[in-house]
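Hi,

Here is the structure I said I would pass on. Have a look at it first, and my notes follow below.

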There are 2 protein chains.
Amino acid sequence: MRRVNPARFRVATRATSRQINRSIVLNLVRAHQPMSRADLARMMGVRRGAVSLIVTDLLRDGLLFEGATGEAVRGRKPTFLYVDSRRRAVIAADIRATETFLMLADVLGNPLSGVSTFPTDRDPAKVVAALATRIARLLADHPEVVACDGVGVVVPGMVERATMRILHAPTLGWRNVDLHEALTQATGLPVQIENSGRACALAQAWVMRDDRAGTAGDLVFISVSEGVGVGVIIQGEMLRGRHNIAGEFGHVSLSLDGPRCSCGANGCWEAYVSNRATLARYFGRQAEPSGPIRAEQQHFTMEDLIARARAKDAKAAAALEATARYLGLGLASVINALDPARVYIGGEITLAWDLIESTVRSALAERTLTAAAADTDIRPVAASEYPRLQGAAALIAAPAFAAPVVA
Amino acid sequence: MRRVNPARFRVATRATSRQINRSIVLNLVRAHQPMSRADLARMMGVRRGAVSLIVTDLLRDGLLFEGATGEAVRGRKPTFLYVDSRRRAVIAADIRATETFLMLADVLGNPLSGVSTFPTDRDPAKVVAALATRIARLLADHPEVVACDGVGVVVPGMVERATMRILHAPTLGWRNVDLHEALTQATGLPVQIENSGRACALAQAWVMRDDRAGTAGDLVFISVSEGVGVGVIIQGEMLRGRHNIAGEFGHVSLSLDGPRCSCGANGCWEAYVSNRATLARYFGRQAEPSGPIRAEQQHFTMEDLIARARAKDAKAAAALEATARYLGLGLASVINALDPARVYIGGEITLAWDLIESTVRSALAERTLTAAAADTDIRPVAASEYPRLQGAAALIAAPAFAAPVVA
DNA sequence: TGCATTTGTCTAATCCTGAGACAATATAGG
DNA sequence: CCTATATTGTCTCAGGATTAGACAAATGCA
């Protein structure tokens with residue numbers, strides 16, 4: 001039951017029904033391709049004639065294409081329809097503190113190129129220049145891509161919704177940076193910029209995975225890295241909030257008098273489970289957001305710590321175990337608050353998922369209200385899946401498949 | 001941008017456009033009544049002819065009615081349209097631990113009767129019987145009500161979505177109670193049952209208030225009483241989650257080693273700010289969920305405590321102050337998580353809102369990430385507004401105004 | 001009284017779904 | 001090979017909705 005907002009609504013016109021059904025056809029083909037017009041008609045419960053008209057439209061607009069005729073037990077063989085991902089592509093960029101990742105993908109999110117990386121400069125202008133030349137080279141290397149639909153960029157920071165200005169990206173040291181304008185100018189392509197945790201959630205909802213149709217139901221993506229970034233999808237739609245900063249579960253408190261967090265407060269979830277917190281725990285320091293780091297610790301990463309834990313280093317295992325416990329306790333807050341159908345977890349810590357899962361689960365069960373909530377589906381997403389780049393690709397590719405806004 | 005769920009979608013039929021626009025017309029009249037067909041056409045950006053057809057439908061179905069002709073500076077005078085709330089009514093019931101509240105309201109949520117109360121029996125069957133006789137009497141006392149659209153019931157507990165069984169209502173001592181079936185049988189009316197915190201949020205979104213159109217944007221209702229109940233409205237729709245238990249912010253942790261909560265965990269927000277916690281703080285006990293209460297404390301209520309605080313009782317003021325601080329700290333978690341446009345607060349503590357507001361605000365500001373988030377609109381809802389009964393009324397009255405489900 | 005303005009209704013055009021007929025295509029069986 | 005059956009995709013007509021525009025009714029002003 002949705003309330004109609006009497007200050008902002010969309011009236012239905014003669015074309016509205018067609019738009020709705022067109023969107024459904026497109027999404028069904030995306031989820032079940034290949035499929036025939038007759039399949040669509042059966043699944044939608046409409047006549048084949050109506051489907052034919054819509055499909056003709058989508059063929060003309062280049063969103064679908066007809067492949068070979070399929071096999072049928074009896075009768076005329078069906079013409080198979082596919083989402084046309086042959087000549088169109090999107091560019092995905094993931095700007096992180098030290099490195100920037102770049103990839104070419106088709107409109108379904110499948111990689112068309114390998115992932116290339118280059119060091120991230122502190123100067124936004126230089127990042128834009130580097131991106132522009134590498135994007136040009138990437139497109140030149142793939143002449144089969146006739147049309148590039150745009151560039152999706154994800155950044156570890158807050159992004160203003162309307163202008164896409166990067167308001168604050170602490171690990172990059174950027175404040176109020178207009179990457180959008182600069183990159184649009186430099187590439188001549190449409191550009192979308194989004195917070196990385198949020199984009200990861202978008203990717204899980206849109207990109208085809210094992211279940212082939214994207215994740216149904218409410219979902220949460222929790223990215224555990226330098227900080228804790230969270231993206232939330234409710235009813236197929238991104239949770240944004242009034243100021244486009246919803247989903248900051250990383251700064252929900254675990255303990256009011258807990259360790260200092262980078263946000264200035266004490267005892268945020270992030271202060272317990274970020275990579276920095278885990279490493280600090282290993283090195284026996286109090287988890288301080290900006291304490292001095294000794295030389296030998298400077299290049300010691302989360303991956304190293306996990307390797308030592310696997311090599312029976314008791315201190316490393318204990319540090320990981322503690323993080324796992326806090327991860328589960330914080331997850332309980334997320335699950336109590338949102339009761340999602342599924343939680344995805346990304347970040348380096350997923351490398352150790354087999355070591356920590358049971359601890360996470362038992363900590364979660366300590367604080368959830370019902371057994372069903374404690375059993376919430378939790379799935380680690382490996383770094384090798386490049387969830388951020390998938391999210392960046394989805395920023396450009398997904399809108400074509402979005403439901404029309406109505407009422 | 002909403003994803004289409006390829007497993008559960010709604011195809012547009014010939015009637016869909018009409019349903020959409022009919023819903024918009026109905027909501028516009030509700031928000032701006034009285035208004036003419038020409039007003040509607042201007043506001044919707046469609047021809048007057050299209051509006052006339054829809055209005056004719058709505059008049060025939062008894063959802064609108066034509067009032068007197070209005071005044072116009074020049075030209076033909078308009079015929080004013082109103083939502084027809086003359087002969088139809090809904091019954092609202094609020095079942096609480098000690099008392100049950102009952103009221104008759106029109107479909108806009110306006111009270112048609114006073115609020116009557118009776119003691120709540122521990123036996124659900126007796127509650128149903130008492131409700132049925134009192135509902136019959138209420139309707140007999142209001143012969144002007146020709147049609148009663150149903151009975152909305154709110155309870156302090158978890159309600160299963162599909163069957164509306166009350167899974168667990170701790171303060172009532174009810175587990176797995178099928179009030180819905182029994183009350184439908186006893187009254188012969190449609191019955192809707194919902195958790196009270198959630199229904200309160202629904203009411204704020206649907207019932208006309210100062211802004212006349214219900215609250216726009218995402219909103220949260222936080223009901224502070226025996227426990228902490230939270231209802232969340234996102235994009236005009238109730239946040240339910242997979243198991244219909246979303247919104248349990250009352251059990252988000254403030255401090256992992258904090259006081260014991262009724263849910264079994266430690267340091268839940270509820271364990272810091274519930275009435276019981278505040279009273280326990282006043283009496284110098286550790287806030288225990290089920291500790292023994294001495295005789296002189298048995299009938300000492302939150303209202304009494306607030307009265308003493310106003311009478312310069314330092315201990316009472318301190319207890320209230322502490323609760324205010326924890327209220328603000330927990331609010332920060334809610335606001336960081338959801339970034340709502342507005343937060344409503346209900347419960348006895350709102351009686352002291354003038355005393356505690358600044359403390360709540362400063363505690364909130366300690367833990368929010370941006371200044372804008374710290375400035376989130378927070379509005380106390382007085383008990384005299386009967387937010388729970390308004391929510392119960394909305395359970396029945398709102399569906400007629402809901403947007404059609406599409407795509 | 002004549003004119004301008006506004007409201008509400010009515011008609012024709014256009015677009016979309018709903019229902020069903022029809023040709024094309026393929027298999028099964030005699 | 002021929003016929004019956006089944007399936008796909010197209011086409012036509014009917015029904016219903018919005019869009020555009022004409023028109024009568026109602027009202028105020030000069």
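Chain A has 407 residues and a radius of gyration of 23 Å (taken over C-alpha atoms), which agrees with the value near 22 Å that a compact globule would have (the globule rule being 2.2 Å times the number of residues to the power 0.38). Its C-alpha trace spans about 70 × 50 × 50 Å along the principal axes.

Bear in mind that this is a predicted model: local features need pLDDT of at least 70, side-chain atom pairs count only at pLDDT 80 or more, and totals for chains, interfaces and linings use all residues. Residues are numbered from 1 along each chain as its sequence is written, while chains are lettered from A and ligands numbered from 1 in the order in which they are written.

Chain A has 14 helices and 15 strands; these are DSSP runs (helices H or I, at least four residues; strands E, at least two), numbered from the N terminus.

On to the sheets. In chain A, five strands make an open, mixed sheet in the order E13-E12-E11-E14-E15, where pairing means that DSSP finds at least two bridges between two strands. E13 (237–238) and E15 (377–380) of chain A are the edge strands with a single partner each, so one side of each has no neighbour in the sheet. E12 (228–234) of chain A runs antiparallel to E13(A), joined by two bridges, and A:Ile233 stands opposite A:Met238. Helix H6 (196–206) of chain A lies across E11 (219–224), E12, E13 and E14 (342–347), at about 40 degrees to E12(A). That angle is between N-to-C directions, on a scale from 0 to 180 degrees, with axes fitted to C-alpha atoms (for helices, over the stretch in contact).

In chain B, three strands form an open antiparallel sheet, E7-E8-E9. E7(B) and E8 (166–169) of chain B are joined by two bridges, and B:Val159 has B:Ile166 as its bridge partner.

What do the two chains share? 72 residues of chain A are in contact with 73 residues of chain B, contact meaning C-beta atoms, placed from the backbone, within 7 Å. On the chain A side, H1(A) gives the largest share, nine residues. That side divides into 42 nonpolar, 20 polar and 10 charged residues. Here Ala, Val, Leu, Ile, Met, Phe, Trp, Tyr, Cys and Pro count as nonpolar, Asp, Glu, Lys and Arg as charged, and the others, Gly among them, as polar.

The surface near DNA strand C has eight nonpolar, 10 polar and 11 charged residues.

Cheers

Terms used. Two residues are in contact if their C-beta atoms, placed from the backbone, lie within 7 Å.
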